[in-house]
Amino acid sequence: MASGTDRTGLIHAAQTGDPAAIASLLAVCQADARRYAWRHCQASDVDDAVQESLLVIARKVRGLKAAAAFSSWLFTVIRRECLRLQRAMFRHDPLDDDGDEVAERQLASRSDAALRLDLTHALESLPAHYLEVVLLRDFEELTIAEIAERLGEPAGAVKSRLHRARSLVREYLLA
């Protein structure tokens, strides 16, 4: 491992854009990056987090203002990468790919009376501003433009509210 003065020299050389210095700096800080990632990432994401973080460091080291700030910057980059990977993991649930089909089967298995009752309860559970949009669109069969005009709201807001209301009804029915 490089001493503090060697590391500071590498950081200064890397800030000038010297490719050999950047490569040496990344090699020197890789062990620290890996240890830090083990504490902040899922075990399966450690290698990805370290690799992506070191790429960011290599690309942006020229913009580093003070060599003394390098370590904290490195750890901040790693922590952000761990968080990004964690968010990405929760964004896609491979088990949910068949969610629509399962939901349809679940709803189709209920009797009409039970489904009507559940739908009534779901609609009653909606906040008033969501219920109003659903009723205007699905029961009065107004267009988005007509609803927007009636409510004095932008069409985009009406679409968004309608989408959210339908999502809430769906969640209620599937719960």
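**View 1. Asp32 is a buried residue of this predicted model, with 13% relative accessibility.** Buried denotes under 20% relative accessible area, exposed over 50%, and partly exposed in between, with a 1.4 Å probe and protein chains only. The model is predicted, so that local features need pLDDT of at least 70 and side-chain atom pairs count only at pLDDT 80 or more, whereas totals for chains, interfaces and linings use all residues. Residues are numbered from 1 along each chain as its sequence is written, and side-chain values use heavy atoms, with hydrogens and water left out.

**View 2. Asp32 forms a salt bridge with Arg7.** The closest N and O atoms of this pair are 3.2 Å apart; a salt bridge is a side-chain nitrogen of Lys or Arg within 4 Å of a carboxyl oxygen of Asp or Glu. Because Asp32 belongs to helix α2 and Arg7 to helix α1, the pair ties together parts that are 25 residues apart in sequence. Helices are DSSP runs (H or I, at least four residues), numbered from the N terminus. Arg7 is also buried, with a relative accessible area of 13%.

**View 3. Arg35 forms a salt bridge with Asp32.** Here the closest N and O atoms are 2.3 Å apart. Arg35 and Asp32 are three residues apart in helix α2 and are therefore separated by about one helical turn. Arg35 is partly exposed, at 44% relative accessibility.

**View 4. Arg34 forms a salt bridge with Asp47.** The closest N and O atoms are 2.6 Å apart. With Arg34 in helix α2 and Asp47 in helix α3, the pair ties together parts that are 13 residues apart in sequence. Both residues are partly exposed: Arg34 has 33% relative accessibility, and Asp47 has a relative accessible area of 46%. Through shared partners, salt bridges also join Arg7, Asp32 and Arg35 into one network.

**View 5. The largest nonpolar core contains 27 residues.** Such a core is a set of buried Ala, Val, Leu, Ile, Met, Phe, Trp, Tyr and Cys residues joined through side-chain atoms within 4.5 Å. Leu25, Phe70, Leu74 and Ile78 touch the most other members. At least two residues of this core come from each of α1 (4–15), α2 (19–40), α3 (46–60) and α4 (70–91). Helix α2 supplies the largest share, eight residues.

**View 6. Leu74 touches Cys29, Ala33, Leu54 and Ile57.** Contact means heavy atoms within 4.5 Å, and residues up to four places away in sequence are not counted for Leu74.
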